[in-house]
Amino acid sequence: MESPRYPDRYDLRKRRSQWVAFALFRVFSLFIAFVLFAILGFIIYKGVGVISWDFLTEPPTDGMTSGGIFPAIVGTLLLMLGSAIVAFPVGIMSGIYMNEYASRGWLVRFIRLMTNNLSGVPSIVFGLFGMALFVKYLGFGDSILAGSLTLGLLSLPLVIRTTEEALKDIPSSYREGSLALGATKLQTIWKVILPMGMPRIITGLILSLGRVSGETAPILFTCAAYFFPQLPSSIFDQCMALPYHLYVISTSGTDIEAQQPIAYGTALVLIAIILVVNLLAGGMRRYFENRLKTK
Amino acid sequence: MVKFIESELVQLRREVDQMWTLVYNQMDQARQAVMTLDRQLAQQIVVRERRVDAFELKIDSDVEDFIALYNPVAVDLRFVLAILKINSDLERIGDYADGIARFVRDIDVQEIDDRLLQDLQVDTMFTLVLNMLEELQEAFNEEDAEKAAAVLGMDDQLDRIKRASGGILIDYAKHNTDAIPLCFEFGGVFRKLERTGDHLTNIAEEIVFYIDAKVLKHNDSQEKSDKKSPEGKK
Amino acid sequence: MKKIEVKEVDFYYGKFHALKHISMEVEQNDVVAFIGPSGCGKSTFLRLFNRMNDLIPGSRLTGQVLIDGRDIYAPGVEIDRLRKEVGMVFQRPNPFPKSIFDNVAYGLRVNGIRDKSFIAHRVEEALKGAALWNEVKDKLKASAFALSGGQQQRLCIARAMAVSPSVLLMDEPASALDPISTAKIEELIRELKKEVTIIIVTHNMQQAARVSDRTAFFYMGEMVECGETKMIFTNPSKEATQNYITGRFG
């Protein structure tokens, strides 16, 4: 066979474009990292000065121009917990249902479409809906309960999605293996599928918590207090929350100049919480994966 | 893979065909040597016998390679097994041609009585053997089981001629005492030709064995009912 | 009585006619190999025997599949009970993310057996039966994932055997394994046939030839030929079978 005539110096061009492409990819990736570090660095630079034990453990004083952010931290943690209680069982069970029980058919496609749409709804709309339903109609008032429910709804699509994805990636041979031994579907899910999907489900849950902790809009009308220095005593109390606190003192504070360091301190604490939650997610994931491998 | 195995089989088939032609020529020349008492020709046959042996070894080792590398089954397996056996049969026939040539080369007479040759039907025997060889070669190349089976009967005539030859030679020797060594040696030629016939019969059976199943398989509808019975028996 | 009888079975996935009018019989303690090109229906057919195809929506079966004389597709048949009777081993080893012990005990536990000493006894028996006991007896609590591929597959065989089935279905059980592990599985099949009737789907013709008593050749949803393995591999009665086993397909 006659060998084709290769164009002259084509190899060189090939290698050159390869090099250029890689260089571009590298530059863009580094750019992203740089932006992230810039934001982080900026917040730390501005906020680290106000961080102190008192700042973390005292309520705000003097019209929120001094003092700490303790109630806001507690409020955020409470809302995270509350939304988790609302979203996790419902979300995980929906995810299981959609992937294990009815993975084909129009109903599931419809539910999936709806959850996808739900995750595209702006969070302020959730806030509005929460206010209408929980605060007004059900009469919970501005409360941790209403806020948790709203945030729970907000994180539901994410929880369903991650559960579904986690289960979808488990090869069907494991299901068949269990069923072939005479196990029922429920036994199969409970004893084989869920343990296998756990690392990824947990990661998804924790990431959704991180997202919840940073949301402002949904709690705007449902829960968050402008100023509520004492700790809430029941789920029907209002509470402060970090993102809302940040918003308030940066936009409508009594003395924005004086409150600026507090705002940066608050931002830093919020970012730290989210960071911790994300690291926790990673850690949990590794823990569960190891347990699967070596138990 | 299909192409590989096919081309290997074609190669084996070609080798066996060449071996066949070689052996045929040996036997054909052995006949000439006997009929004309040509010692030079006989010597050539003896020399060429080494080629026949070498060819046999080559086919053997090629078959071995083929079995090891291609794990043949069904018709392929039967084919190479048949080749293996046909190969050794052909080699034995080559040996007989060689033996006959040695007889011609070493016999200490100037001439064989034409009458004796005619009575013995040596030429007929050679013709039969050569015919069978040729027919079988064609049957093998054309995968024609019927043609191969037709050869099976021709063997009987060889046996008859051979049986008769003993008496004729003894008679001849009685009347020509100086021809006793010749007659004694000549008996060997008949034995060899008769044995050649046995090997040719074997070859015919091998060919039928390897082709048979394949031929049956071409008429599916009929053998559907035929083949069901052994299954049902179990 | 035959161990398994299939009577004029047709099977459909929706409109796709996956198995066409198949009838066959399997003797007790025989090993039957199913061979045929991909998509010929042999795996589908295998999965009829423990009703694994039930999982596929839109599948439909006509005809009868009898095991020990009882139609497993008759109304009122409890599928989980059937699956205890008819074990299955899959193409890829699929041990559960549990310890070796718990893997083998799984089938017993999901079927309601709680007696610890009985479970321990059966697990040991099953592991011995799968020629795995000596390799794992000191690490029963270790994760099944720590085993090699071949060991995992033998674990899956032990797991299936632990519930004492009378039929074992094997869907290309050695196709993901190296030759030595494959040889072990094949050896195991010869051992196991003393206890169970085995149906094995395989793409490896030599494997079918080595381990099975009878071989069935499938093509395009039809069972072209079923007969003694020796017959199939020396003198198959159908040209299609011959073309397939000699590698001259299509």
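Predicted model: local features only at pLDDT ≥ 70, side-chain atom pairs only at ≥ 80, totals over all residues.

Residues are numbered from 1 along each chain as its sequence is written, and chains are lettered from A in the order in which they are written.

Student: Which chains have the most contacts between them?
Tutor: Two residues are in contact if their C-beta atoms, placed from the backbone, lie within 7 Å. No contact joins chain A and chain B, whose closest C-alpha atoms lie 20 Å apart. Among the 2 pairs of chains that touch, the most contacts are between chains A and C.

Student: Which element gives the most to the side of chain C that touches chain A?
Tutor: The contact takes 25 residues from chain C and 19 residues from chain A. Helices (H or I, at least four residues) and strands (E, at least two) are DSSP runs, numbered from the N terminus, and α2, β6, α3 and α6 of chain C each supply at least two residues of that side. With 4 residues, the element that gives the most is α2(C).

Student: How are α6(A) and α8(A) oriented relative to each other?
Tutor: Their axes, which are lines fitted to C-alpha atoms over the stretch in contact, with angles running from 0 to 180 degrees between N-to-C directions, come within 8 Å and cross at roughly 150°. Because angles over 145 degrees count as such, α6(A) is to α8(A) roughly antiparallel.

Notes: Parallel < 35°, antiparallel > 145°, perpendicular 65-115°, else oblique.
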